[in-house]
Number of protein chains: 2
Amino acid sequence: MQFTSGYGAEPGAWRLPGANLHSYTDMDQFVRYAQAAERGKIQLLFFADTPALDVDLDGQVPHFAIDPLLVMTSIARETERIGLVSTASTTFNEPYNLARQFKALDVISHGRAGWNAVTTSVPAAAANFGRAVPPRAEKYERAHEVVQIVQALWGSWEKDAWVLDVDGKKFADMDKIQPVGLQGRHVASRGPLPIPPSEQGQPVIFQAGGGEYGLELAGRYADGVYANPYTIEDGRAQRQALRDAAERAGRDPDEVKMFAGFMPAIAASRRAALDRRRFLDESVDLRQRVRYLGTMIGLPLGYEQIDEPLTADQLADAVPSPHDPRSARALQVAREGWTLRDVLAHGVIDYHPVVAGTAADVADHMQEWFEAGACDGFSVAIDGYHDGVDAFVDQVVPLLQERGLFHLDYAGTTLRDHLHAREQYGLDPRVTETAAR
Amino acid sequence: MQFTSGYGAEPGAWRLPGANLHSYTDMDQFVRYAQAAERGKIQLLFFADTPALDVDLDGQVPHFAIDPLLVMTSIARETERIGLVSTASTTFNEPYNLARQFKALDVISHGRAGWNAVTTSVPAAAANFGRAVPPRAEKYERAHEVVQIVQALWGSWEKDAWVLDVDGKKFADMDKIQPVGLQGRHVASRGPLPIPPSEQGQPVIFQAGGGEYGLELAGRYADGVYANPYTIEDGRAQRQALRDAAERAGRDPDEVKMFAGFMPAIAASRRAALDRRRFLDESVDLRQRVRYLGTMIGLPLGYEQIDEPLTADQLADAVPSPHDPRSARALQVAREGWTLRDVLAHGVIDYHPVVAGTAADVADHMQEWFEAGACDGFSVAIDGYHDGVDAFVDQVVPLLQERGLFHLDYAGTTLRDHLHAREQYGLDPRVTETAAR
Ligand SMILES: Cc1cc2nc3c(=O)[nH]c(=O)nc-3n(C[C@H](O)[C@H](O)[C@H](O)COP(=O)(O)O)c2cc1C
Ligand SMILES: Cc1cc2nc3c(=O)[nH]c(=O)nc-3n(C[C@H](O)[C@H](O)[C@H](O)COP(=O)(O)O)c2cc1C
């Protein structure tokens with residue numbers, strides 16, 4: 001389940017009746033949502049992040065948490081099982097600092113931390129560090145070095161190094177706490193990191209982004225990957241590409257799980273779900289969306305038609321654009337006779353596939369994707385948290401459980417357990433190091 | 001009150017009967033100590049930090065917390081008043097990352113955060129970032145830039161920018177959220193930081209270190225300074241130098257408060273306090289300390305004399321070394337006739353002045369220093385937390401309160417309130433910027 005700035009995945013979530021307006025800075029609120037997700041046995045909470053304010057706050061909430069590590073620490077202290085995964089940039093952080101904070105979170109949470117390693121592509125983020133975004137090849141070369149150094153630092157305190165022998169006056173066995181001495185072209189670190197292993201050893205690695213470079217990074221290091229396929233075919237193709245990348249890195253493709261983003265709007269009926277989304281759409285630029293909808297289905301559309309459906313003539317002329325994988329669905333919804341406002345309320349041009357309907361509609365969508373091999377799991381983007389988390393947990397989860405598609409309880413106590421991820425401590429010995437010892 | 005790795009300020013604190021052996025990684029334990037300190041109305045908890053393992057863990061605990069920001073977040077969630085101050089390096093962190101994490105802590109703690117800005121002088125820390133320690137002038141030039149950029153970023157969201165107008169669909173007023181666009185020689189950041197003000201506006205700045213460069217940094221930006229004078233004269237001189245530095249920076253010297261480190265060992269009698277410290281001394285190298293004691297008082301001393309006092313002949317020959325300000329006290333204690341083991345147990349060569357005795361002895365020491373103008377307050381280093389925090393809070397604090405030397409309750413709700421620190425939001429306009437806008 002994705003957690004962003006505290007309101008929900010929709011820009012207008014903060015305005016929903018009943019939402020806590022101060023969710024952005026209110027850790028009590030984050031804790032309550034996390035506890036609700038944990039009640040639903042959700043494997044993990046995922047925080048996207050970019051170190052920049054990349055949205056116009058006049059009408060929208062920030063995209064990211066005030067600080068994901070500190071928010072996750074707040075949540076860790078008041079939950080017991082749910083995994084806590086955050087994005088952090090390999091380009092704008094030092095590996096020692098990343099290694100220290102993520103391992104500290106892993107220890108504090110008793111083995112529930114994960115790191116989504118991304119290279120960051122936003123110029124506004126680079127400007128916050130007085131820099132430009134480096135060329136892609138350089139960014140990813142650094143990313144490989146950073147991930148390797150971080151993992152090596154995580155393993156720099158051997159699992160049985162912490163002796164705590166009071167009579168022998170031996171706090172730890174320094175022979176088992178060794179420098180890593182890794183020197184790359186972009187970054188380096190001597191170590192050791194002064195942090196003992198957590199219950200899962202060390203944090204789990206995630207990756208997000210796609211592209212050849214991103215796939216190579218994921219194929220080598222990641223146990224989980226965030227992806228945004230719009231269609232089942234898209235998902236199957238992305239998943240296959242990821243599995244191939246893992247194989248090329250000498251790994252078993254089943255080690256890398258792909259999570260597909262999607263956004264449910266859950267209500268007692270499809271009409272009620274669309275009305276919820278129409279309220280949320282008050283915070284987006286519908287003029288622009290109507291025009292874009294036209295582009296998707298090959299028609300010049302204007303805002304004056306927003307409360308009308310497509311005419312018979314328009315429907316006859318419409319063709320889905322080959323440039324946007326969401327176009328076929330947009331046209332299909334339009335053919336059902338909805339007004340343009342309702343076509344948009346279906347989420348046909350959202351960043352994620354949207355299901356606006358009943359809990360059963362949502363469960364059906366997830367079942368269809370999963371059984372078609374379009375993903376290994378989902379990254380559920382709740383539109384507005386204050387009632388959406390409960391709706392998903394109390395209405396959708398039981399349906400998935402009844403259908404045998406979702407676990408009845410956590411598989412164990414650590415994030416590695418929940419994901420059935422392999423044991424790993426320190427660097428994966430199968431990975432050929434780019435950074436030489 | 002100083003908080004380190006979780007056991008206490010003495011290297012052997014982890015071995016004290018009743019101590020929690022896993023304090024280093026146990027946030028519940030940190031929270032309990034913090035709550036005890038808060039019961040005693042202690043203004044703040046201070047975390048020293050260096051990003052390196054700079055101690056032999058065979059017999060000693062780590063010097064620093066697993067990660068101060070994450071530990072402070074854990075504490076912030078389960079305390080209400082006590083301030084939370086951590087050290088972070090200006091040399092090995094990016095200003096944007098520092099600004100974000102400290103401001104996030106400030107918001108999460110409802111205005112209780114402080115940042116002790118140090119340049120870091122340890123080669124082992126530099127090696128963790130693949131670097132060498134830069135020359136002092138360069139390190140401090142960067143430090144000025146970092147503090148200024150951090151403070152500017154803290155102020156980049158005007159105090160009334162967060163509008164939260166649901167009907168007007170206005171989340172925030174983007175005209176009041178502006179880039180800072182600071183470019184220094186070493187670091188730069190565009191901003192804005194996407195974090196609203198806390199109850200105290202922004203974190204309070206501290207500094208530690210001394211030296212001409214450190215004083216200039218403290219004089220310009222700090223509201224609190226950590227110092228380690230060994231004697232009252234030393235404290236008065238350091239405090240005067242600090243006040244002069246503030247004046248040179250165009251500030252009122254009363255704005256900058258100096259906190260002197262000292263370590264009490266509290267027991268029912270002086271003998272019992274010395275026995276506590278003798279147990280703690282099992283974790284230090286007494287052979288070396290006996291030799292060093294000899295150097296301090298101008299005598300060749302050997303370990304075989306450890307359980308004997310100085311002889312009359314030795315006392316006649318002894319002279320305090322002018323090279324160590326602790327020497328006069330060492331000789332004074334030796335003249336009282338204690339064995340060398342007990343002389344050392346008095347803490348005559350510890351990093352802080354030590355008072356081993358009753359609560360009244362400790363209160364007397366604090367009163368004497370304070371009334372002599374040797375400091376504005378204390379940075380109390382509790383030798384072993386598991387019983388030492390309670391002893392200080394329940395025995396020493398009431399004495400200080402009776403004597404009118406310590407407040408009966410917090411002055412307000414924020415760290416700024418507790419310290420009677422000036423209001424500040426964004427950069428101090430009196431500071432001439434080295435980083436040009
Ligand atoms: C589902 C998903 C989530 C992502 N989350 C983040 C994120 O939180 N922060 C970030 O910087 N990049 C994130 N990315 C990756 C960037 O968008 C990535 O930079 C982009 O895919 C292309 O990057 P490249 O040009 O560096 O290869 C995400 C990508 C996907 C598909
Ligand atoms: C009481 C006190 C506490 C200090 N705490 C720290 C600390 O936690 N971390 C750190 O890197 N430096 C700390 N310092 C500062 C360093 O010791 C400082 O680098 C040293 O005083 C000289 O530094 P310079 O050569 O960079 O001027 C402290 C200094 C004092 C006096």
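Author: Before we start: a polar contact here is a pair of N or O atoms within 3.5 Å, and within protein one must be able to donate a hydrogen and the other to accept it. Keep in mind, too, that this is a predicted model.

Reader: Which element gives the most to the side of chain A that touches chain B?

Author: Several elements give two or more residues to that side, namely α1 (27-39), α2 (68-76), α3 (95-108), α4 (123-127) and β5 (188-189) of chain A. The one that gives the most, with 8 residues, is α3(A).

Reader: And by class, how many residues on that side of chain A are nonpolar?

Author: Chain A puts 71 residues into the contact, and chain B puts in 71 residues as well. On the chain A side, 14 are polar and 16 are charged. The nonpolar ones number 41.

Reader: What area do chain A and chain B bury between them?

Author: The size of an interface is often given as the accessible area lost when the parts come together, so that's the number to quote. Carbon and sulfur atoms carry 60% of it here. On chain A's part, A:R77, A:R100 and A:F171 supply 12%, more than any other three residues. For the two chains the buried area is about 6,200 Å².

Reader: How many salt bridges does the rule find across the interface?

Author: Take the side chains of B:D58 and A:K170, which sit 2.7 Å apart, N to O. The cut-off is 4 Å from a Lys or Arg side-chain nitrogen to a carboxyl oxygen of Asp or Glu, so this pair qualifies. Across the interface of chain A and chain B, the rule finds 8.

Reader: Switching to ligand 1: which residue has a polar side-chain atom 2.7 Å from an oxygen atom of the ligand?

Author: A:T119 has a polar side-chain atom 3.0 Å from a ligand oxygen. A:D49 works through its backbone, with a polar atom 2.8 Å from a nitrogen atom of ligand 1. The 2.7 Å side-chain distance to an oxygen atom belongs to A:R136.

Reader: How much of ligand 1 does the protein bury?

Author: Taken alone, the ligand exposes 620 Å². Of that, the protein buries 79%.

Reader: Which element makes up the largest share of the shell around ligand 1?

Author: By class, the shell has 6 nonpolar, 7 polar and 3 charged residues. The largest share from an element is 3 residues, and they come from α5(A).

Note on methods: Residues are numbered from 1 along each chain as its sequence is written. Chains are lettered from A and ligands numbered from 1 in the order in which they are written. This is a predicted model: local features need pLDDT of at least 70, side-chain atom pairs count only at pLDDT 80 or more; totals for chains, interfaces and linings use all residues. Side-chain values use heavy atoms; hydrogens and water are left out. Accessible areas come from the Shrake-Rupley method with a 1.4 Å probe; for residues, only the protein chains shown count as cover. Helices (H or I, at least four residues) and strands (E, at least two) are DSSP runs, numbered from the N terminus. Ala, Val, Leu, Ile, Met, Phe, Trp, Tyr, Cys and Pro count as nonpolar, Asp, Glu, Lys and Arg as charged, and the others, Gly among them, as polar. Contact means heavy atoms within 4.5 Å. Buried area is the accessible area (1.4 Å probe) that two parts lose on being put together, summed over both.
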